[in-house]
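Here are my notes for a colleague opening this entry. Please read them beside the structure.

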Amino acid sequence: MSELPVSETELQAYADGRLTPARLAAVEAWLAARPEEAERIAAYRRLAQEVRGAYDSMLSEPVPARLRHAAARRLPWRRLAAVLAWVALGVAVGAPAGWYAKRERTVAQAAPDSTMLARRAAVAHAVYSPEVRHPVEVGADDEQHLVTWLSKRLGAKVRAPKLDEVGMSLVGGRLLPGDSGPVALFMYQSQNGRRLTLYLRTEASRNRETAFRYARENNVGVFYWIDREMGYALASADLSKDELLRLANLVYKQLEGG
Amino acid sequence: MDEAQRLVELIPRLRRYARALVGDRASADDLVQDTLERAWTKLHLYRRGTDLRAWLFTVMHNVHVNRVRAARLNDPLGDEMPELAQRGTQADALLVRDLDRAIARLPADQRAVLLLVTLEEMSYDEVARTLGIPIGTVMSRLSRAREKLRAMMLGQAPAAKLKVVK
């Protein structure tokens, strides 16, 4: 039998089903004359199938949230070039001011009107913060448009507080239906994928002020307060109560006085 | 479709490869997470329009190599395969467990080649680029990995070591 010598590389390619058609017949003939080699290559094929069979189930498993967050962080891909110096959450912000009312209430115990504020904010957080592809309607790269649009729809001046100094960057925002009209939701995200939402609604009675209140709805912690014409609720399932309080302080300071 | 979206879509494949590479689920997901985070910081090195999958697997390979190296430094007793001890307890079926153990016992560089060819079905060229090695090295590692795996699954030492003395 005169044939070109068959190389080990060709045998490997044959095992992978990648041999060029031109060499297929030659390699098959070579193997037909060598049962031991044929058995070896057949074993490689079986093993490849077994290896795929052993691990392919990973492809259909749900992806853990921490990996989804790791993949989706800093959403607009281009912003990566501008790597910011992140400050550990809480280090940059001072201790809470004394006006924080220390009573921790459940949603049910709070006054009925602000109950709804906290509850709605918690639900909005729970619904939108796990979103990977559509967490917001308008992204932070178009912040000016976002703020103008939401201000117009709410009929009040709305601003997105800047939380970059404590490691939370604005993802964007969206408009939501509230109990009596449109509501705005801003979403923030830390470098490691932890998310925070700020829910803003206009208040019917424009002269009320409340202290900070805290509530937990399922796993979502909410600090909420009313400051004259606006009601605010800062919600996160990923942050501790203390971290959330520091952020609420920061948001309050930035937004007071409109 | 932009890269961020494709990145998300590639996660299951990264997890499958990582699971086979490091042996247990939690370590595999740690590796995937480190890879995704590394990918974000190295993104300016990725050229748009080129193969994102190959690029990501390169990132994962580098992260893995660094982790293994670090583990070795932290473990004075660990010699050639420091990740071996953590493996092999979580698999469900017997075959999978045997296969898992056998794969764990392959030298790390051979294991990577075998898994990229078998699981990811990368071309030999792609494997060479992903791992940054010549294609001849890909072929020899593939050949050795398969022969070792076959021998282990038959319950015997690799053929090369069976120098029968008569």
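1. A:Arg228 counts as partly exposed, because it has 14 C-beta neighbours inside 10 Å. The scale runs on other C-beta atoms within 10 Å, placed from the backbone: 20 or more is buried, 12 or fewer is exposed, and in between is partly exposed. Phi of A:Arg228 is near 55 degrees, a positive value in a residue other than glycine. A:Arg228 sits in the loop between β6 (220-227) and β7 (230-236) of chain A. Helices (H or I, at least four residues) and strands (E, at least two) are DSSP runs, numbered from the N terminus.

2. This is a predicted model, where local features need pLDDT of at least 70 and side-chain atom pairs count only at pLDDT 80 or more, while totals for chains, interfaces and linings use all residues. Residues are numbered from 1 along each chain as its sequence is written, with chains lettered from A and ligands numbered from 1 in the order in which they are written.

3. Chain B has a positive phi to check too: B:Glu121, not a glycine, has a value of about 50 degrees. B:Glu121 lies in the loop between α5 (108-118) and α6 (124-131) of chain B. With 13 other C-beta atoms within 10 Å, B:Glu121 is partly exposed.

4. Now look at α1(A). Its buried residues are A:Glu10, A:Leu11, A:Gln12, A:Tyr14 and A:Ala15. They pack against α2 (21-32) and α3 of chain A, together with α7 (135-153) of chain B. Just after α1(A), A:Gly17 takes a positive phi of about 65 degrees.

5. How do α1(A) and α3(A) pack, and at what angle? The angle is about 45 degrees, and the axes are 9 Å apart. Axes are lines fitted to C-alpha atoms, for helices over the stretch in contact; angles run from 0 to 180 degrees between N-to-C directions. The two helices are therefore oblique to each other. Under 35 degrees would be roughly parallel, over 145 roughly antiparallel, and 65 to 115 roughly perpendicular; the rest is oblique.

6. A:Leu11, A:Tyr14 and A:Ala15 in α1(A) meet A:Ile41, A:Tyr44 and A:Arg45 in α3(A). Contact means C-beta atoms, placed from the backbone, within 7 Å.

7. Finally, the contact between the chains takes 32 residues from chain A and 35 residues from chain B. On the side of chain A that touches chain B, α1 (8-15), α3 (35-55), α4 (57-60) and α5 (65-72) each supply at least two residues. The largest share, nine residues, comes from α3(A).

Notes
Two residues are in contact if their C-beta atoms, placed from the backbone, lie within 7 Å.
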